[in-house]
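Subject: Structure handover

Hello,

Please find the structure below, with the sequence beside it. My notes on what was found in it follow.

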Amino acid sequence: MQAFYAIVQEGNISHAAERLGIAQPALSRQMKRLEGSLGVSLFERGSRRIKLTEAGRLLSSRVEHILGLVDGTVREITDIGEGVAGTLRIGTITTSGAKVLPGLIEKFRGLYPRVMFQIWESEGARVMELVDNRVVEIAVTRTQADPGLYDSIILPNEPLVLIMRKNDQIGSDPDTIRLSELKDKPMIIPLRWRPVFMANCKKQGFEPDVICISDSIVQDILLTKRGVGYSLVPVSAESLLTEGDLMSKKLIDPEISTHTVIAWRNNRTLSSAAEHFLKLLREIYADEIAK
């Protein structure tokens, strides 16, 4: 199943074999044995890129959950004997991960050097799905976590800012920009904040010129770098501004804010690494969480 899952993710047997550290013929033989044991064909032959049969698609939809369940069980058993060691799997969205994880992982590694991290990056709904399927233990997202299913830590609100090129500056103030000053400007808006942004623009009496709605903060910033438009992002995304020709201004009148949610399933035993990771997070953000 691990080999099958690698092939599905890579879309190519040779790439999957390289990822698994085995020879391609050996991987092909494994897949033939798997098909033989199941009595079905999982792949459509004759295509350069892997295509799944109906049976293959069904197995693919289940295998992530099955492997997550196995890995989670093994991790829990191993922790009993090893203590704070092993692999800590975290799912994150780009901006929240950029804000929270680097400093936290640095401190954690100083305390628990035997823990290795595996980080999955995706959009919010997908990150929560990875938690549900036991692929990751902890989600770092902006998606509201259902308290009936998840325990969570909510970090303080952070404002949205407008990313622009320094030679395309807009706004009369060097540090802030009013919503009304965005009229007739080409805007790149994350899908999550589209409704509140559009509603506030309507209250200001104008229809914004939205040229792109995207779930990728990185793509939004890259579009701004090329002069396509002005991108609205959380202030934590400023850490992604590695180019000297880009700058940001805080959006005001009105200010729009968001927050980061750290979530995990409340009906599962976390690994020792995950428990200590959350404990350290609470200690670091103790004052801000209390507010």
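**A helix pair**

In this predicted model, helix α5 (residues 94-111) and helix α9 (residues 272-284) have axes that come within 10 Å and cross at roughly 115 degrees. The crossing of α5 past α9 is right-handed. On the α5 side, the contact is made by Val 100, Leu 101, Leu 104, Ile 105, Lys 107, Phe 108 and Leu 111. On the α9 side, the residues are Ala 273, His 276, Phe 277, Leu 280, Leu 281 and Ile 284. Sorted by class, this contact of α5 with α9 has 11 nonpolar, 1 polar and 1 charged residues. Two numbers come up here because packed helices are described by the angle between their axes and the distance between the axes.

**Salt bridges**

How many salt bridges does the structure hold? There are 9 salt bridges. Three of them are described here, one by one.

Start with Arg 126 and Glu 129, whose side chains meet in a salt bridge at 2.6 Å, N to O. Both residues sit in helix α6 (residues 124-132), and because they are 3 residues apart there, about one helical turn separates them. Arg 126 is partly exposed, with a relative accessible area of 25%. Glu 129 is partly exposed as well, at 38%.

Next come Arg 142 and Glu 158, where the side chains meet in a salt bridge of 3.1 Å, N to O. Arg 142 lies in the loop between β3 (138-141) and β4 (150-154), while Glu 158 belongs to strand β5 (residues 158-165), so this pair ties together parts that are 16 residues apart in sequence. Are these two residues buried or exposed? Arg 142 counts as buried at 5% relative accessibility, and Glu 158 is buried with a relative accessible area of 3%. Both values fall in the buried class because that class means under 20% relative accessible area.

The last pair is Lys 250 and Glu 255, which form a salt bridge with their closest N and O atoms 3.0 Å apart. Lys 250 is partly exposed, its relative accessible area being 31%. Glu 255 also counts as partly exposed, at 45% relative accessibility.

There is also a network to look for: Lys 99, Arg 142 and Glu 158 are joined into one by salt bridges that share partners. To find it in the structure, begin at the bridge between Arg 142 and Glu 158 and then look for Lys 99, which belongs to the network too.

Regards

Note on methods: Residues numbered from 1 in each chain as written. Predicted model: local features only at pLDDT ≥ 70, side-chain atom pairs only at ≥ 80, totals over all residues. Heavy atoms only, no water. Salt bridge = Lys/Arg side-chain N within 4 Å of Asp/Glu carboxyl O. Helix = DSSP H or I, 4+ residues; strand = E, 2+ residues; numbered from the N terminus. Buried < 20%, exposed > 50% of the residue type's maximum accessible area, 1.4 Å probe, protein only. Axes fitted to C-alpha atoms, helices over the stretch in contact; angles between N-to-C directions. Left-handed = near helix turned anticlockwise from the far one by under 90°. Contact = heavy atoms within 4.5 Å. Nonpolar A, V, L, I, M, F, W, Y, C, P; charged D, E, K, R; others polar.
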